Structures are given as structure tokens and as C-alpha cells.
Amino acid sequence: MSQGKKRRRDNNPNRGVSALRRTGLKHRVEMSKHPLPQPVLDPAKRSKVTVDENHGLWGFFRSDKKALDTPEETNAFGRPWVVEELRHKSWEDLHSLWWVCCKERNILATQEYERGRLKAGYGDAEIMERVRAVS
């Protein structure tokens with residue numbers, strides 16, 4: 001800095017704001033000028049939502065569209081493929097089998113998430129055994 005010039009302030013209103021020291025803006029910051037919509041609590045006043053039967057997100061659930069399987073349903077699956085069996089498959093068969101395994105892993109991950117969210121208390125051992133068979 002030269003001797004003749006004074007240092008000027010930059011007029012930044014956010015000067016000194018720090019997330020680490022928990023200092024922030026002094027005034028309330030609003031995201032919108034419009035109020036948020038209120039949920040409709042009365043089931044009779046709610047609008048009926050129609051869902052497409054062929055929606056892609058249904059791929060994360062079984063064909064009966066249940067969020068969770070019973071332990072018996074989770075335990076009922078076949079044996080994993082052996083390497084010798086896979087070596088005799090064509091490229092198209094291997095590719096379709098890979099997508100079936102991806103879909104099954106997605107279903108199992110959805111069920112595992114739902115089981116944790118609902119605190120179901122069952123199915124952890126069965127789901128881990130099935131994940132090992134699919135992976």
C-alpha cells in the first residue's frame with residue numbers, strides 16, 4: 001500500500017460471516033414471499049392420486065407391490081450360479097442375468113431401508129444371505 005492512499009472498506013454485507021464460528025446474518029432470511037402450502041389432514045378432502053401401473057419405480061418392489069417380504073419369502077430363493085454354468089451362457093444371456101441381479105439388489109436394498117425405517121426387527125440375517133447370493 002502506498003503511503004498517500006487510505007485503505008477503503010469494500011461494503012460487503014457478508015463480511016465476517018463464518019460457518020465455523022457460528023456468526024451469521026443478523027436479519028431473518030426468507031426463501032420465498034409466498035407462504036408454504038398446508039397439508040390436507042382430512043382424508044375426505046384429499047384428491048385421489050392415480051399411479052401408472054407401469055411406472056419405473058415399481059421395479060424396486062416385488063410384483064405384489066409389498067414394501068417388505070416375510071422372512072419365509074426372503075429365505076425362499078434358489079442357489080447361486082456356478083462359474084462353469086456361466087461360461088456356457090451367451091453374451092445376451094449374461095447381460096440379461098446381470099440386469100436381473102441389479103434389479104434384485106435394488107429390491108433388497110429397498111427392503112433393507114424399509115426394514116430399518118420401520119424398525120421391523122426381523123429379516124437381517126435372511127437379507128444378508130440373499131445379498132451374498134445375488135452379488
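Arg62 has a relative accessibility of 18% and therefore counts as buried, where buried means under 20% relative accessible area, exposed over 50%, and partly exposed in between (1.4 Å probe, protein chains only). The model is predicted, so local features are reported only at pLDDT of at least 70 and side-chain atom pairs only at pLDDT 80 or more, whereas totals for chains, interfaces and linings use all residues. Residues are numbered from 1 along each chain as its sequence is written, and side-chain values use heavy atoms, with hydrogens and water left out.

Side chains of opposite charge can pair when their charged atoms come close. A salt bridge is defined here as a side-chain nitrogen of Lys or Arg within 4 Å of a carboxyl oxygen of Asp or Glu. Under this rule, eight salt bridges are counted. One of them links Arg62 to Glu104, with 3.0 Å between the closest N and O atoms. Glu104 belongs to helix α3 (residues 91–118) and Arg62 to the segment before α1 (71–75), so this pair ties together parts that are 42 residues apart in sequence; helices (H or I, at least four residues) and strands (E, at least two) are DSSP runs, numbered from the N terminus. Like Arg62, Glu104 is classed as buried, its relative accessibility being 15%.

In the bridge between Lys66 and Glu73, the closest N and O atoms are 3.0 Å apart. Lys66 is partly exposed at a relative accessible area of 29%, and Glu73 is likewise partly exposed at 34%. Glu85 and Arg79 form another salt bridge, with an N to O distance of 2.6 Å. Here Glu85 is partly exposed, at 27% relative accessibility, while Arg79 is exposed, at 57%. Shared partners also join several salt bridges into one network, which comprises Arg62, Asp69, Glu104 and Arg130.

Aromatic contacts were examined as well. Rings of Phe, Tyr and Trp (its six-membered ring) are paired if their centres lie within 6.5 Å; planes under 30 degrees apart count as stacked, over 60 as edge-to-face and the rest as tilted. Two aromatic pairs are found in the whole structure. The ring centres of Trp98 and Trp99 are 4.8 Å apart and the planes stand at 75°, so the pair is edge-to-face. Trp98 is partly exposed at 46% relative accessibility, as is Trp99 at 48%.

Finally, the charged end of Arg115 sits over the ring of Tyr122, 5.7 Å from the ring centre. This description requires NZ of Lys or CZ of Arg to be within 6 Å of the ring centre and within 35 degrees of the ring normal.
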